[in-house]
Amino acid sequence: VKNIIPFLFVLLFFSCSHSADDLPYIGTPTEDKAGKTKNYSVGDFAFVDQDLKIINSETVKNKVYVADFFFTSCPTICPVMKTQMLRINEKFKNKTDFLILSHTIDPEHDSISVLKNYKKRLVGNAPNWHFLRADKMYTHNLAQKSYFVSALEDKTALAEGGFVHSGAFVLVDKQKHIRGVYDGTKEKEVTKLIADIELLIEK
Amino acid sequence: LKNKLTFFLLFFSLLGCNSTDELKLEQYKINGQRLYETHCANCHGKNGQGLTELYPPLLNADYLKNRAAAICIIKNGTKGPITVNGKVYTQAMPKNPALYDIDIAQISTFIYSKFMKTDSLITVEKVQAIKCL
């Protein structure tokens, strides 16, 4: 019976550590005039989705969302990322306070109709999942400066389809704070991401 | 005695030939799997299952029955619609310039043995003999 006590402590420890407050705040905090520190939050943005709907900072207000960067003709990591994103969509497709924002980094090729067809073939009807398009440099800058993930054009990267980008899934909470960056090509990391989304939605 | 010896030697050399071919087949399958997982599995899936309606499956895919056409696509990629098991797929497949004919041969050997259950060696010569459009 005594043996069970450390075991209980371990259990207690794990149950305690499993809360939204334990997720980190990513990005450099800023100080306001009163000297109070504020956690980094994603700045304003505006895109058009596959149905020509405007998706901007207002749309994500009070919603938890996952952001990623891809392009439809990508032969390398994107299909793996999309396989994993399908798992996330399946889990949260009926939630009203959750969104997925997949940004194309190749808007020249990925027109609205290409994105619409891609979405239809990938997942069919998925009201929470938006495929976003804007100017190329605007999108690349947003990826790097707002979400801290890489997205570059590199015409010499032939095998990668002409673009170099990260396979990251960025988790953003209802106050636009980045709470995690996950490798969207790894099943295990996405399982962790799914658990963390649940924590943030519950909160 | 001499006859017997010749017979045995002939017999063993035949066996030897057979086993080098078998060895080659195994080699192609193993290398082919590694290449498949690096260059093909992202879209077509580790088990050849494809990805929803975006990328066609390879597992029991009727399209693979036309071996020459399939090998040409592995070599040169393809654009435009393609019908696999009655479904139309529209995503383009890029040519992979990093793959040599030996790689194409090994990938093809692996695909046919794993997904079509036909265990036969697809050699470099066979790959090079196919006239693609």
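**Exercise 1.** Which residues is A:Arg121 in contact with, leaving aside its neighbours within four places in sequence?

*Solution.* The model is a predicted one. Begin by placing the residue: A:Arg121 belongs to helix α3 of chain A, residues 112–122. Next, list the contacts: A:Arg121 touches B:Thr52, B:Glu53, B:Leu54, B:Val88, B:Tyr89 and B:Thr90. Finally, consider the charge. A salt bridge requires a side-chain nitrogen of Lys or Arg within 4 Å of a carboxyl oxygen of Asp or Glu. The nearest side chain of opposite charge to A:Arg121 is B:Glu53, 4.5 Å away. A:Arg121 is thus buried without a salt bridge.

**Exercise 2.** Describe the burial and the ends of helix α4 of chain A.

*Solution.* Start with burial: in α4(A), residues 136–146, the buried positions are A:Lys136, A:Thr139, A:His140, A:Leu142, A:Ala143 and A:Ser146. Residues three or four places apart in an α-helix point the same way, because there are 3.6 residues a turn. Then identify the cover over the buried residues of α4(A), which includes strands β3, β5, β6, β8, β9 and β11 of chain A. Just past the helix, A:Phe148 adopts a positive phi of about 60°.

**Exercise 3.** Determine whether chain B is a compact globule or more spread out.

*Solution.* First, the order of elements in chain B from the N terminus is α-α-α-β-β-α-α. Second, the radius of gyration of chain B is 18 Å, well over the 14 Å given by the globule rule for 133 residues, so the chain is more spread out than a compact globule. Third, the C-alpha trace of chain B spans about 70 × 25 × 25 Å along its principal axes. Lastly, 40% of the 133 residues of chain B count as buried.

Conventions. Residues are numbered from 1 along each chain as its sequence is written. Chains are lettered from A and ligands numbered from 1 in the order in which they are written. This is a predicted model: local features need pLDDT of at least 70, side-chain atom pairs count only at pLDDT 80 or more; totals for chains, interfaces and linings use all residues. Side-chain values use heavy atoms; hydrogens and water are left out. Buried means under 20% relative accessible area, exposed over 50%, partly exposed in between (1.4 Å probe, protein chains only). Helices (H or I, at least four residues) and strands (E, at least two) are DSSP runs, numbered from the N terminus. Contact means heavy atoms within 4.5 Å. Lys and Arg count as positive and Asp and Glu as negative; His and the chain ends are not counted. The radius of gyration is taken over C-alpha atoms; the globule rule is 2.2 Å times the number of residues to the power 0.38.
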